[in-house]
Amino acid sequence: MKAWRKRLLVGALAAGLQGLILGLAVLIGVMDPVAPREARIRAKPDPERQQRQQRERIDKQLAQLDRTRTGTTEALMEPLMEAMRPELAVSAPDPGESIQAMGSLLQQAALFGGDGGAFTEGLESDSLPEPEPVAFLGENLKARRIVLLLDVSGSVKTKMERAGLPLQQLKREVHRFVDQLGPNHLFGIIQFTRKWQPFRDELVPATEVVRGQARQWIDSSFRTTGTSGRNWNGGHPNGIEAVLSAAFAMDPQLDEVFLVSDGDFQRTPPGGGGQDVPWSDLRSFTRTLQETAVGKARLRLLCFHPPKDALPDLRAWVRENGPGSLRVLDESKPGVP
């Protein structure tokens with residue numbers, strides 16, 4: 001076969017093959033068409049949500065603008081304020097001079113009719129000269145902060161009369177005590193049975209005005225009948241424990257506690273009635289009060305006809321809160337010097 005016939009045959013076969021492939025493609029497209037894509041469903045816009053988002057964007061932009069403005073203002077004003085700030089030399093006050101000045105004001109308070117109560121706290125009184133000793137019921141009290149605890153119960157009244165010291169005389173002795181005090185003293189007075197009544201709730205400086213008020217209180221309120229007064233403090237516990245708590249609460253630097261009693265302490269339990277205060281409780285309670293105080297308060301006891309079995313505990317109580325003193329008055333030792 002000639003070459004040109006072979007080429008013609010090959011070309012005819014290739015053209016036929018391409019036609020066949022094209023026909024098959026058309027046939028497939030007609031029989032299995034491509035499924036059209038579903039159109040996306042677009043939700044209607046939410047105007048409220050758009051407005052909320054827009055407000056949030058505006059708020060953020062305003063906040064950022066405000067922070068930028070504040071920082072810029074401070075940065076601009078700082079050099080100006082620094083240039084205008086005066087340079088003042090401020091010296092720290094001398095604590096000694098300040099305390100002395102407060103002490104002098106304490107003495108001057110009486111001249112203007114004040115009682116100086118504002119100066120009773122702190123250390124201002126310690127800057128004053130040491131006060132003169134004062135005598136009370138035969139004892140010489142060398143202390144700045146003194147509180148008298150006076151048992152005026154019926155049993156003590158009876159025992160004091162047996163010892164030659166009625167409550168009326170005790171009242172006069174309290175007057176003499178107040179008369180001896182100077183402006184450098186801080187003092188307090190509590191009278192009690194099981195209930196109690198203080199002259200003041202805190203130690204006060206013995207200015208002329210305060211001493212005058214103390215004299216009026218003694219004349220009008222001091223009990224000599226062996227009973228408590230109306231509106232006296234009570235509660236549980238009462239008696240000597242409550243009285244000691246009130247005394248130590250008057251001043252954290254209490255120096256001297258002078259107790260006049262019979263050494264036979266009673267209290268009212270929650271259910272009513274009466275009971276002896278156990279010495280173990282009383283001594284432990286006093287130690288707790290001393291631990292919370294600044295320094296240690298001396299305990300001086302003047303006891304009228306105490307129970308004989310109470311004497312060892314009375315002596316131990318004084319030793320634990322000393323150096324103090326214990327004086328016992330009975331028929332063998334009548335009267336008070």
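A: Two residues are in contact, or touch, when they have heavy atoms within 4.5 Å. The model is predicted, so local features need pLDDT of at least 70 and side-chain atom pairs count only at pLDDT 80 or more, while totals for chains, interfaces and linings use all residues. Residues are numbered from 1 along each chain as its sequence is written, and side-chain values use heavy atoms, with hydrogens and water left out.

The overall setting comes first. The protein chain has nine helices and eleven strands; these are DSSP runs numbered from the N terminus, helices being H or I of at least four residues and strands E of at least two. Of its 337 residues, 36% are buried. Buried denotes under 20% relative accessible area, exposed over 50%, and partly exposed the range in between, with a 1.4 Å probe and protein chains only. Of the contacts between residues at least 6 apart in sequence, 74% join residues at least 24 apart.

The largest pocket has a volume of about 170 Å³. On a 1 Å grid over the protein atoms alone, a pocket is an open set of points with protein on both sides within 12 Å along at least five of seven lines; a cavity is a set where a 1.4 Å probe fits but cannot get out; and lining residues have an atom within 4 Å of a point. Grid points are joined across faces, edges and corners, and a volume is the space filled by probe spheres set on the points. The pocket lining consists of D151, S153, S155, F192, T193, R194, G239, I240, D264, F265 and Q266. By class, three of these are nonpolar, five polar and three charged, where Ala, Val, Leu, Ile, Met, Phe, Trp, Tyr, Cys and Pro count as nonpolar, Asp, Glu, Lys and Arg as charged, and the others, Gly among them, as polar.

G239, one of the lining residues, sits in the loop between helix 6 and helix 7. Its relative accessible area is 0%, and G239 therefore counts as buried. Leaving aside residues up to four places away in sequence, G239 touches T193, R194 and Q266. G239 and F192 are 47 residues apart in sequence, yet their C-alpha atoms are 7.4 Å apart.

The loop between helix 6 and helix 7 also holds T227. At a relative accessible area of 38%, T227 is partly exposed. Beyond residues up to four places away in sequence, T227 touches V152 and T193. The C-alpha atoms of T227 and V152 are separated by 7.1 Å, although the two residues lie 75 places apart along the chain.

S261 belongs to strand 7 (residues 256-261) and is buried, because its relative accessible area is 0%. With residues up to four places away in sequence excluded, S261 touches D151, V156, L302, C303 and F304. D151 is among the pocket-lining residues. From S261 to F192 the C-alpha distance is 9.8 Å, across 69 residues of sequence.

K159, in helix 4, is buried because its relative accessibility is 14%. Its contacts, again without residues up to four places away in sequence, are D262, D264, F304 and H305.

Helix 4 (154-162) is in turn one of the elements packed by the buried residues of helix 5, the others being strand 1 (134-136), strand 2 (139-141), strand 3 (145-151), strand 4 (186-192) and helix 6 (208-221). Those buried residues are L167, L170, K171, E173, V174, H175, F177 and V178.

One cavity of 30 Å³ or more is counted, and the space in the largest cavity is about 50 Å³. L244, F248, V257, T286, Q290, A297, L299, W317 and N321 line the largest cavity. Helix 7 (240-250) and helix 8 (279-292) each give two or more residues to this lining.
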